[in-house]
Amino acid sequence: MTLAGGSNLDSDLPFDRAFLLGGPGSFPGFELGEVRGREYWTASGSYLWKIKDIMSIRGQALYAGIRLQAGEFSERLDLVDEDTIFGGSVYLTGRTMVGPLTVGVGATSTDSYSIWLAIGRPIGHGTILERGIFR
């Protein structure tokens, strides 16, 4: 179980500095960065099942996963403050001979859905670019 949240502590930050949520890593079912707001909370849980060893000596295996999430967003840029939103996704992921691979589909209680395919690590993953100092 993971919990995340954010708030600007009553400051008047411009909306270009607001929190961005959406995508496989932050709220499956929404597009990457689709939801922008000044305050939010989320709670999620996920589970992975190992379905096949590809090359165990190199740690390569395929997993099936499920993720459930709930969240609430306040002061949204699109002016649509809603009640608690629920989302979920199912996906296939793992380390393969061509690198990390993830294929999945996600949906939300707002009738929003997304499908994704990721091959390799995202640009900036595990580097200083991931920390947001070049924003």
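This report looks at three residues, Asp53, Ser114 and Ala70, in a predicted model.

## A charged pair

The structure holds 1 salt bridge, and Asp53 forms it with Lys50, the closest N and O atoms of the two residues being 3.2 Å apart. Side chains of opposite charge can pair when their charged atoms come close. The pair counts as a salt bridge because a side-chain nitrogen of Lys must lie within 4 Å of a carboxyl oxygen of Asp, and the separation here is 3.2 Å. Asp53 itself is partly exposed, with a relative accessible area of 39%.

## Ser114 in strand 7

Ser114 belongs to strand 7, which covers residues 113-119, and Ser114 is buried because its relative accessible area of 12% falls under the 20% limit. A polar atom of the Ser114 side chain lies 3.4 Å from the backbone nitrogen of Gly29. Leaving aside residues up to four places away in sequence, Ser114 touches Gly29 and Phe30, and also Gly104, Val105 and Gly106.

## Ala70 in strand 4

Ala70 is found in strand 4, made up of residues 60-76, and is also a buried residue, with a relative accessible area of 14%. Where does the chain bring Ala43 in relation to Ala70? Although 27 residues separate Ala70 from Ala43 in sequence, their C-alpha atoms are 5.4 Å apart in space.

Ala43 is also one of the residues that Ala70 touches, when residues up to four places away in sequence are not counted.

Conventions
Residues numbered from 1 in each chain as written. Predicted model: local features only at pLDDT ≥ 70, side-chain atom pairs only at ≥ 80, totals over all residues. Heavy atoms only, no water. Buried < 20%, exposed > 50% of the residue type's maximum accessible area, 1.4 Å probe, protein only. Helix = DSSP H or I, 4+ residues; strand = E, 2+ residues; numbered from the N terminus. Polar contact = N/O pair within 3.5 Å; in protein donor to acceptor, adjacent residues only side chain to side chain. Contact = heavy atoms within 4.5 Å.
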